[in-house]
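These are my notebook entries on the structure shown below.

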Amino acid sequence: MEGIYVDVRELDEFKAGHLKGAIHCPLSELKKGNIPTDLPNDTPLYLYCNMGGRAQIAKAILLPHYPLAQSIKKSYEELRLIQATPFFKKAERKAPYRK
């Protein structure tokens, strides 16, 4: 799947575990106006958190800067389990995201 996973949880949550290849961009920093400037504008950003609420807020903050930002409906734990399956590794699929 092409795109970048963006973990919007806090640092302690990210350190406890995150999706393979994910970058960390905590919602608390986004709310302060610390918007990353080094991400590509032409690549989907798949935002995730523990349950989806923070990802939705992060999406609203990031959309003016990154028009392909999407919040993923699934929780981190669900995504972690999906990412661990051989099917996920072999298949390219659209992320389960909210529009």
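I searched the whole structure for aromatic pairs and found three. For this I took rings of Phe, Tyr and Trp (its six-membered ring) as paired if their centres lie within 6.5 Å, with planes under 30 degrees apart counted as stacked, over 60 as edge-to-face and the rest as tilted. The model is predicted, and I used local features only at pLDDT of at least 70 and side-chain atom pairs only at pLDDT 80 or more, while totals for chains, interfaces and linings use all residues. Residues are numbered from 1 along each chain as its sequence is written, and side-chain values use heavy atoms, with hydrogens and water left out.

**Entry: the ring pairs.** I noted that the ring centres of Y5 and Y46 are 6.0 Å apart and their planes stand at 50°, so this pair is tilted. Y5 belongs to strand β1 (residues 4-7) and Y46 to strand β3 (residues 45-48), so the pair ties together parts 41 residues apart in sequence. Strands (E, at least two residues) and helices (H or I, at least four) are DSSP runs, numbered from the N terminus.

I then looked at Y5 with Y48, an edge-to-face pair with 6.3 Å from centre to centre and 80° between the planes. Y48 is also in strand β3, 43 residues from Y5.

Buried means under 20% relative accessible area, exposed over 50%, and partly exposed in between (1.4 Å probe, protein chains only). Ring pairs link Y5, Y46, Y48 and Y76 into a cluster.

**Entry: the nonpolar cores.** I defined a nonpolar core as a set of buried Ala, Val, Leu, Ile, Met, Phe, Trp, Tyr and Cys residues joined through side-chain atoms within 4.5 Å. The largest one has 15 residues, of which V6, V8, L45 and L47 touch the most other members. At least two of its residues come from each of β1, α2 (27-31), β3 and α3 (53-62). Helix α3 gives the largest share, three residues. Another core, apart from this one, has eight residues, including L19, A22, Y46 and I72.

**Entry: helix α4.** Which residues of α4 (residues 76-83) are buried? I found Y76, L79 and Q83. They lie on the same side of α4, because they cover an arc of only 65° around the axis; the arc is that of the directions from the helix axis to the C-beta atoms.
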